[in-house]
Amino acid sequence: MDTVSFTQMKFGTKQDYDFLAEQEKSYFALTANQILCELERHGEDTLSGYKITRLEHALQAATRAARDGADLDWVVGALLHDIGDGLAPQNHDRFSAEVIRPFVREEVTWVVEHHGIFQMKYFAHHYGWDRNARDKFRDNNYFK
């Protein structure tokens, strides 16, 4: 079999889906390389105005986490917390969380998913926004 027999998923057979599952194994194996390529693109920043590229920011965050004694999940979370910037700048935090979700524990994913609202503490007031919007998560186990 070179391709599936269907043109609509609802008409797929078990054989079709078994074939696809086998094809996806090699595709999934490319995930780490795809993420590294995206990080590399962050070094070729087109977002101007900042003093460093998004890649340098990612490396700084991961280095700081490692120096603070963070475990591998936290270092990966720090490194990839902005990986969604290129494709989803308005909701990069949630996009980034989905990228890392299969590979790190829930706590790290939650922090990455919500870091956008937490960082508003530093700039929201300049736009008339609530700089304490993150407080709605105060009762969450991962808030601190």
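User: How many salt bridges does a search of the whole structure find?

Analyst: In this predicted model, a salt bridge requires a side-chain nitrogen of Lys or Arg within 4 Å of a carboxyl oxygen of Asp or Glu. When the whole structure is searched, the number of salt bridges found is 10.

User: Where do Glu22 and Lys25, which form a salt bridge, lie?

Analyst: The closest N and O atoms of Glu22 and Lys25 are 3.1 Å apart. The two residues are 3 residues apart, about one turn of the helix, and both belong to helix H1 (residues 14–28).

User: Which residue forms a salt bridge with Arg105, and how many residues apart are the two?

Analyst: The partner of Arg105 is Asp71, with the closest N and O atoms 2.9 Å apart. This pair links distant parts of the chain, since Arg105 sits in the loop between helix H5 (92–100) and helix H6 (106–119), whereas Asp71 sits in the loop between H3 and helix H4 (72–80). The partner is thus Asp71, and the separation is 34 residues.

User: Which residues are linked with Asp71 and Arg105 in a network of salt bridges?

Analyst: Arg105 is partly exposed at a relative accessible area of 31%, and Asp71 is likewise partly exposed, at 35%. The network of salt bridges that holds this pair also includes Asp73 and Glu107.

User: What is the distance between the closest N and O atoms in the salt bridge of Glu98 with Arg101?

Analyst: Glu98 counts as partly exposed at 46% relative accessibility, and Arg101 is partly exposed with a relative accessible area of 34%. In the salt bridge that joins Glu98 to Arg101, the closest N and O atoms are apart by 2.7 Å.

User: Which elements give two or more residues to the lining of the largest cavity?

Analyst: The structure holds 1 cavity of 30 Å³ or more, and about 30 Å³ of space lies in the largest cavity. Its lining consists of Leu39, His42, Arg54, Ala58, Leu79, His81, Asp82 and Ile83, which by class are 4 nonpolar, 2 polar and 2 charged residues. The elements that give two or more residues to this lining are helix H2 (31–42) and helix H3 (54–67).

Methods. Residues numbered from 1 in each chain as written. Predicted model: local features only at pLDDT ≥ 70, side-chain atom pairs only at ≥ 80, totals over all residues. Heavy atoms only, no water. 1 Å grid on protein atoms, 1.4 Å probe; cavity = no way out; pocket = protein on both sides within 12 Å on 5 of 7 lines; lining within 4 Å. Points joined across faces, edges and corners; volume = space filled by probe spheres on them. Helix = DSSP H or I, 4+ residues; strand = E, 2+ residues; numbered from the N terminus. Nonpolar A, V, L, I, M, F, W, Y, C, P; charged D, E, K, R; others polar. Buried < 20%, exposed > 50% of the residue type's maximum accessible area, 1.4 Å probe, protein only.
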